Amino acid sequence: MLNIVLFGAPGAGKGTQAELLMKEYGLLHLSTGEMLREEIAKGTAAGQKAKAIEQGNFAPDEVVIELVTSKILENRDSKGFVFDGFPRTTSQAGILDSILESVDSNVTMMISLEVDQKVLAERLLKRGEEENRLDDRNISIIEKRIGIYHERTEVVMDYYKQAGKFYPVSGEGTLDEILNRIKEQVIVATQK
Ligand code: AP5
Ligand code: MG
């Protein structure tokens, strides 16, 4: 399996590049943000518990882990996954390792999309005007998400650095430029 953890702040382009990587390598796109928004839209019990994400807060761990575990176990014969928005904490990173181990696999690499803070807010405000994502609707929720990223999520990089699986890439430029940078790093990681 090729398992890529696509990492970066809110607005870094995880969802956008995940779609391109999915086509490029035949991988499944596992976005915990998308999965949670779907549960909320369907009005499930998981969705009820995840409502806080509309204010920029994390969903409870048990809800996220349940969704991720079923998706991986149901697709254990796939070519691999692009994880987008997961893991978001060091504890989730450890749990991902155990889930993948249970299907005889592991994380191949983390690609971290590096984007200037000002560009992040501009991208999300623009999307807020175009689409109906509740957590993009004002600058204070956007800033809160970016703040939580720095406080709780950024440290997940260290977990993958220690494992020798950390690959930073600039997330600014055209979609193709960024995709090509990622593809170069995939070659490096898979030839190791
Ligand atoms: P999630 O959906 O993961 O949101 P996020 O991390 O805030 O990231 P975004 O989806 O906003 O940005 P992105 O990096 O995907 O960028 P995108 O490609 O869309 O999570 C939502 C919420 O759910 C979280 O806040 C959290 O509360 C909760 N949650 C999720 N996972 C969780 C977990 N594991 N545990 C607990 N809670 C969890 O791009 C952004 C915009 O920029 C788009 O409009 C795009 O078109 C544009 N763009 C992209 N690339 C470029 C480019 N190169 N140039 C110009 N514009 C670009
Ligand atoms: Mg996204």
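Start with α2 (32-42), the element that gives the most to the shell around ligand 1: four residues. Keep in mind that this is a predicted model.

**Stop 1: the shell**

Now widen the selection to the whole shell. It holds 30 residues. The elements giving two or more of them are α1 (14-25), α2, α6 (117-130) and α9 (175-191). Colour the shell by residue class.

Next, pick out the residues that come nearest to ligand 1. These are Thr-16, Thr-32, Asn-57, Arg-88 and Arg-127.

**Stop 2**

- Select Gly-15. A polar atom of its backbone is 2.9 Å from an oxygen atom of ligand 1.
- Select Arg-37. Here the side chain does the work of contact: one of its polar atoms lies 3.0 Å from an oxygen atom of the ligand.
- Select Gln-92. A polar atom of its side chain lies 3.0 Å from a nitrogen atom of ligand 1.

Taken alone, ligand 1 exposes 1000 Å², and the protein buries 86% of that.

**Stop 2: the pocket**

Hide the ligand. The space it takes is the largest pocket. The volume of this pocket is about 950 Å³. Its lining counts 46 residues. For the middle, select Pro-10, Lys-14, Asp-84, Arg-133 and Arg-145, the lining residues closest to the pocket centre.

Which elements supply at least two residues each to the lining of the largest pocket? Select β1 (4-7), α1, β2 (28-31), α2, α6, α7 (139-153) and α9. Colour the lining by class, as you did for the shell. It divides into 18 nonpolar, 17 polar and eleven charged residues.

**Stop 3: a cis peptide**

Move to Phe-86 and Pro-87. The peptide bond that joins them is cis, with omega about -5°. Where does Pro-87 sit? Look in the loop between β3 (81-84) and α5 (90-102).

**Stop 4**

Follow the chain to Asp-104. This residue is in the loop between α5 and β4 (109-114).

To finish, bring ligand 1 back into view. Show Gly-15, Arg-37 and Gln-92 with it, and keep the largest pocket on screen as the space that ligand 1 takes.

Technical notes
Residues numbered from 1 in each chain as written. Chains lettered and ligands numbered in written order. Predicted model: local features only at pLDDT ≥ 70, side-chain atom pairs only at ≥ 80, totals over all residues. Heavy atoms only, no water. Near = heavy atom within 4 Å. Polar contact = N/O pair within 3.5 Å; in protein donor to acceptor, adjacent residues only side chain to side chain. Areas by Shrake-Rupley, 256 points an atom, 1.4 Å probe, with all protein chains shown as cover. 1 Å grid on protein atoms, 1.4 Å probe; cavity = no way out; pocket = protein on both sides within 12 Å on 5 of 7 lines; lining within 4 Å. Sits in = over half its atoms within 2 Å of the grid points. Points joined across faces, edges and corners; volume = space filled by probe spheres on them. Nonpolar A, V, L, I, M, F, W, Y, C, P; charged D, E, K, R; others polar.
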